[in-house]
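Let's walk through this one together, with an eye on strands and charged side chains. Have the model open as you read.

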Amino acid sequence: MHLSYLATYPIKSCYRVEADAAEVEPWGLAGDRRWLVVDGGAKLMTQRNWPSMGRIRPRYSEEGLVLEANGMPSLAVPYPSGTTTDVKHFHEWIAATSAGDAAHHWISQVVGQPVRLFHLDDPTRRQVEQEFGEPDDRVSFADGYPLLLTNEASLHAVNDWLSEDGDEPIAMTRFRPNVVVSGAPAWAEDDWLGRRIVIGDVTFRAPKPCDRCVLTTIDPETGEKGRQPLRVLGMHRRFPAGLLFGVNLIPDGRGKIAIGDEVSIL
């Protein structure tokens, strides 16, 4: 098996940044989900309810981020500093730093309502109680675990089911993975749970499968929402833990991974 795809999501629930290599930190891939869009009540916003967030295409710069969207001028957003404010990430309040009025205004225009952008400079500030984690595990603004791994062959199986159902195939980007493996049989990842996965020189734990939500029904390229793949997952991949596709990962340490790296299961 080998690593065939890498992506990060600088702003939670916005467009991805694909790469050939990435640095692995204890809380995930460097830069992944370190920024958060919140509403007037400081509560996180996601594409689940605001598909227009997918129009926001951030890219990394030495100073922070550059924001882009069709019909909008690009905006450089430097890493902010100063006083932190608590923002609500699902059920947690996390101290983060405001990106400033220019970023707030720019994103508000894209989303269509007043919003604010915050940056988490120190992920160790977030105390996460993970059912399958360890006491010192840390996460940035990801839902609950640092990385998501998916399997190319499992996507092919899903697309076969979609074809049988008369629907169009979907791309792996619907599932918003950080890392994708090639060369494993479909659903081999089900047997990796509770074990360790080595990508290049970095070891990860695979604590639990990923229960898929309505976000997978939104085409990340067009913003259009449909019924798939949740419908077909409900027919073929329904388990007590939910509609499953992919597995969560927790790094055991730091390092660098790159497309083409060997992937092995301990």
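Start at D165, which is partly exposed, with 27% relative accessible area. This is a predicted model, by the way. The side chain of D165 meets that of R231 in a salt bridge, 2.4 Å from N to O. R231 sits in helix 3 (residues 230–236) and D165 in the loop between helix 2 (152–164) and strand 13 (179–182), so the pair ties together parts 66 residues apart in sequence. R231 is partly exposed too, at 35%.

Now look at D252 and R205, whose side chains form another salt bridge at 3.0 Å, N to O. This pair also links distant parts of the chain, 47 residues apart: D252 is in the loop between strand 18 (242–251) and strand 19, while R205 belongs to strand 15 (residues 202–205).

Follow the chain on into strand 19 (255–258), an edge strand. It belongs to an open, antiparallel sheet of three strands in the order 4-3-19. The other edge is strand 4 (28–29). Four bridges join strand 3 (residues 21–25) to strand 19, and A21 stands opposite A258.

E25 pairs with R34 in a salt bridge, with the closest N and O atoms 3.9 Å apart. With buried meaning under 20% relative accessible area, E25 qualifies at 17% and R34 at 12%.

Finally, R16, E18, R57 and E221 are linked in a network of salt bridges. The count for the model comes to 16 salt bridges.

Methods. Residues are numbered from 1 along each chain as its sequence is written. This is a predicted model: local features need pLDDT of at least 70, side-chain atom pairs count only at pLDDT 80 or more; totals for chains, interfaces and linings use all residues. Side-chain values use heavy atoms; hydrogens and water are left out. Two strands pair if DSSP finds at least two bridges between them. Helices (H or I, at least four residues) and strands (E, at least two) are DSSP runs, numbered from the N terminus. A salt bridge is a side-chain nitrogen of Lys or Arg within 4 Å of a carboxyl oxygen of Asp or Glu. Buried means under 20% relative accessible area, exposed over 50%, partly exposed in between (1.4 Å probe, protein chains only).
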